[in-house]
Amino acid sequence: MKKMPFYRVVVADERAPRDGRFIEEIGYYDPMTEPEATVKIDADKAKQWIKNGAQPTDTVRTLLKKSGIIEG
């Protein structure tokens, strides 16, 4: 179906193109589910990557805070 947003949360090298190769998929975000959006992120993997120096984008940081994975 077209026009149905669905986003994967991935770990990628900063030098890789935005829609290019990524290292690992750690979750997804589906804003179309009712009554509220579905956010499913592997907390252990996310914490491990952040501990190893990964920098989440602003959008992913917001999703991690809503999921309770990081504090804000």
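So, aspartate 42 caps the N-terminal end of helix H1, residues 43-51, with a side-chain oxygen 3.1 Å from the backbone nitrogen of aspartate 44. Helices here are DSSP runs of H or I with at least four residues, strands are runs of E with at least two, and both are numbered from the N terminus. After H1 comes glycine 53, and its phi is positive, near 110 degrees.

Quick word on what we're looking at. This is a predicted model, where local features need pLDDT of at least 70, side-chain atom pairs count only at pLDDT 80 or more, and totals for chains, interfaces and linings use all residues. Residues are numbered from 1 along each chain as its sequence is written, and side-chain values use heavy atoms, with hydrogens and water left out.

Okay, glutamate 24. You'll find it in strand S2, residues 24-30. The cut-offs are under 20% for buried, over 50% for exposed and partly exposed in between, using a 1.4 Å probe and protein chains only.

And which side chains does glutamate 24 make polar contacts with? One is lysine 45, at 3.1 Å, and another is tryptophan 49, at 2.8 Å. By polar contact I mean a pair of N or O atoms within 3.5 Å; within protein, one must be able to donate a hydrogen and the other to accept it, and residues adjacent in sequence count only if both atoms are side-chain atoms. Glutamate 24 and valine 11 are 13 residues apart in sequence, yet their C-alphas are 5.2 Å apart.

Now the inside. The largest nonpolar core has eight residues: Val9, Val11, Ile26, Ile41, Ala46, Leu63, Leu64 and Ile69. S1 and helix H2 (58-67) are the elements giving two or more residues to this core. A nonpolar core is a set of buried Ala, Val, Leu, Ile, Met, Phe, Trp, Tyr and Cys residues joined through side-chain atoms within 4.5 Å. Leaving aside neighbours within four places in sequence, valine 9 has contacts including Ile26, Ile41 and Val60, where contact means heavy atoms within 4.5 Å.

Glutamate 34 and proline 35 are joined by a cis peptide bond, omega about 5 degrees, and proline 35 lies in the loop between S2 and strand S3 (38-41). Then there's lysine 3, in the segment before S1. Lysine 3 isn't a glycine, but its phi is positive, about 65 degrees. It counts as exposed, at 80% relative accessibility.
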